[in-house]
Structure formats: structure tokens, C-alpha cells
Amino acid sequence: MTAPVSHWFAALGGMPDPRPSLDGPRSVDVCVVGGGFTGLWTARELLRADPSLDVLVVERDVCGFGASGRNGGWLQGELAGDPAVWDARRGPGGAVAMHHAIRDTVAVVERALAEDGIDCDLHRGGTLHVAQTPVELERLRATVDAVRAAGGWDDGADAWLDGDGLAARVAIRGGRGAWASSACARLQPAKLVRGLATAVERAGATIVEGTTVTAIEPARRGRPAAGAGRDGAPVVVRTDRGSVTARWAVRATEAYGVGLAGQRRSLAPVNSSMIVTEPLADDRWEALGWAGQETILDGGLLYHYLQRTADGRIAIGGRGVPYRWGSRTDREGPVPQVTVRELQEGLVRLFGDPLRDVAVAGAWHGVLGIPRDWTPGVGADPATGVAWAGGYVGEGVAAANLAGRTLADLLRGERTALTELAWVLPPAAAPPRWEPEPLRWLGIRSVYGLLGVAQAIERRTGRPSRVATVADRLSGR
């Protein structure tokens, strides 16, 4: 039942054979480090804008082996980050611009898939954030009020559903209400990443796999001399199979890049686990409803996220062991049985008897990248030749496309609406770093432990728990 690959890749026959590795020193225009969604979208957008560029994508395992092939398959028009932070960076309207950019990304990806002929089981059914208890309903209403206040509510895409309205969409046990948004599509992430890699190669990029990057050495320290521009000394990407010199190096590794020199404390790799059921019989689907195939987020403090897959299963994810000492990113081993049981219990809590005895067909896990300020970012410094994007806090499927398009403009020196977005940090700026161990381990484990305690208190008493407030303050959100 537990396998070293996600169900998404297992459904395609397992992990593919790797492409050839780097076979010695190379010199290119752009070296993209990481063959996941961020790196592949960046390569695609660069070559669409300038087909003459020599673009090399370097992947340690095979494309999509990390978070891009292990996620919940939500192409969601939402982005982590505090609207107040966006407005502070770009002034009034910064948050609204970010909101529209990520919402528009869903349609941008839909068009890109059509253009490149990528079939990844895309279905735009929207998403439902559901509440099952009075406490969850109160918290969800507060979230919706905050979204409205920040200018992020769209009457054409967002709607509030009462209990009856939710029941008409899906049979959530005790469902009291939901925030429904059309700005989300379900997809099969392994199909997307494989199709995208093929499209990138077709556009002219070279992808090498089985090649470990050990360091990205900036072209120079400090600001460039007048007139030096980005065409000065090259940035150097060190690998176990030779060095790559380039005008630009793009760090597109998300949480899996913590092993690179200097990156141990840039992001915290937080674990997320998933299970997938066996295909459900027609009578079970009839009991559940869910004909719209919306993605679903429950209202718990330690929430679950779900999709109805194209092959008639339910995939559900949530936190397992949240963080491993020293930012380790274990992902090949089996998922602990306690985590599998917790996810099964999450299904029963959401749907009740129709899923009480449903069989589990597979379980896997991966890591998502959390910045210290919980705010994703994009950056490109002409002085060093180093660009980067990440810190999506689990909302990276759509965000990676937006990041790739933004990086393509930044690397080509274009000033566009994308490069003016609030998540683009000034050259040489860097997000705050996480505390060293043991503080990082103690802090993250404590936050998730407190949230678990708060959730148990809420479900036992039916009242909000102050423990959750303590956890939020400790996390720095």
C-alpha cells in the first residue's frame, strides 16, 4: 500500500527512466536548477519569449520527483501571504494586484495546456472550503470577511453557500456552510509535469536528470560596475557531473533546495502526506454527490485537502510528521501507518458512513516550502546572476506558473505588470531566515502540536480555543 512514489506517478507506471545526466562542463544562457513546476514553467516562458536562448534544466532525480509530483493537484487561484504585506511593499492596491494575477493564472495555465497539447485530467469544478461545526463556520465567515475587506472577493467567482447550498453540491456530514470559488481546477500533477517537460524540450531546452547541484556561485559580490549589466562574469552552477556557467542561474528547487550551499535556513521543508482510495463504486458516488468534482478543503485547524480524481478515487492530504530535524526532506520511505489512519479518519469525518470501510490504494508524502514570514517570493539580481522563486506554503501549482512568467520577464530585463507585483523582491533582497536548530525544530513541532491540541479542544467543547491563537503567534503568521 505504501510506495516510494506518489499515486500520480504510480498511475503512469511508476517513475520514468531518467534522461541522460550532465556529461561535463557546459556554458549556457540560463541554467535552471530544479525540474519541477517552477523550473519548467520558467524555461517554457523564456523560450516562448526568445527561442534563441540556450536554456539548460538540471534535475537531481527526474522531473517532478519532488513536490510537483506529490501534491494534491489543485490549480488554485489563491496565494499564501498577508495582504497587508503586499500593500506595504507596493502601496495601496498591491494585494489586489496579487489577487488578480493569481486568479488569472488558472486561465493562463488552461490556455498553455491547450497550446502544448498536455492532457493532465484538468477539470475546472472550482473549490469548496467547508465548515462542519459552529466554530469552523465562525472562522470561515471571518476568513471571507477578511478577503472582502482586502478586495479579494469576486462576485463572479466567489459565493457563500449555506448548509442546504453545500448539500446540493456534496454530502458533507453535518455541513453548515462553505466558501465556493470557481477559481480552481483539479488536475493530475504527474501528467502535467511530464507533459510540461516534453513541451520544454520541444521548445528547445535541454533537460539533464540524475545530476546533483551542490552550489550556485554568484557571478560577483555587491552591485555591478556602471555599464557592466547582466552580461559580465558568469554565474557558476556546481554539480557532481561538471560545472555550468551561465548569464543567469535560476534556483527553482522550493523546499528541496535546502541542501544547496547557503540555503539551509531559507525555507522550512514541512511534510505533507496523502492517501488515495480504491475507485469508488457508483452507489458510493451517488451517496456522496460531488458531481461537480470540486476540490475540497475542510475547516479544521490541521486541515485536509481533497480531490475527486479522474479515475473515480478520492485523494486526501494533510500533515503527517510536520518537520524533520535539520530540514531533512525524507520522501522515499513509507508513510507511517498512524498518518494513513488519520487521513482515513479525515475521510470518515467529512463523509460519514459511505466511506467508513473504503480501501486505501496508496500513500505517499513530500515537502512544501515555508518562508519565515509565510510569504512567497520571486527575485532576480543582475549583479550576481542568481534568480529564484518559491516559498509557496503549499499553494504552488498555480503559483509556479505565475513565478515562471515573472522570472522570464525579469531575466530578459523587461518591466511588465508581472515584474511590478508585490511578491517580486528588489535585487539582492532576501526573505528572513529561519532560526538555527534546535530552535527551528522546537518551534515548528510546537506550532503543529499546539494546533492539534486546539483542534481537539474545539471538537470537544464546541468553542474556539485560545491555544490556536498562541500557535499562530508562535509561528509568526
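Reader: In which loop does Pro438 lie?
Author: This is a predicted model, in which local features need pLDDT of at least 70, side-chain atom pairs count only at pLDDT 80 or more, and totals for chains, interfaces and linings use all residues. Residues are numbered from 1 along each chain as its sequence is written, and side-chain values use heavy atoms, with hydrogens and water left out. Helices (DSSP runs of H or I, at least four residues) and strands (E, at least two) are numbered from the N terminus. Pro438 lies in the loop between α10 (396–411) and α11 (439–461).

Reader: What is the omega of the cis peptide bond that joins Glu437 and Pro438?
Author: Pro438 belongs to a loop. The cis peptide bond between Glu437 and Pro438 has an omega of about 10°.

Reader: Is Trp290 buried or exposed?
Author: Trp290 sits in the loop between α8 (282–288) and β13 (295–297). A residue is buried under 20% relative accessible area, exposed over 50% and partly exposed in between, with a 1.4 Å probe and protein chains only. Because its relative accessibility is 0%, Trp290 counts as buried.

Reader: Why does Glu254 count as buried?
Author: Glu254 is found in the loop between β11 (242–251) and β12 (268–277). Its phi is near 50°, a positive value in a residue other than glycine. Glu254 counts as buried because its relative accessibility is 18%.

Reader: What is the relative accessible area of Gln132?
Author: Gln132 is placed in the loop between β4 (127–131) and α5 (134–149). A polar atom of its side chain lies 2.9 Å from the backbone oxygen of Arg349. Gln132 is buried, and its relative accessible area is 9%.

Note on methods
A polar contact is a pair of N or O atoms within 3.5 Å; within protein, one must be able to donate a hydrogen and the other to accept it, and residues adjacent in sequence count only if both atoms are side-chain atoms.
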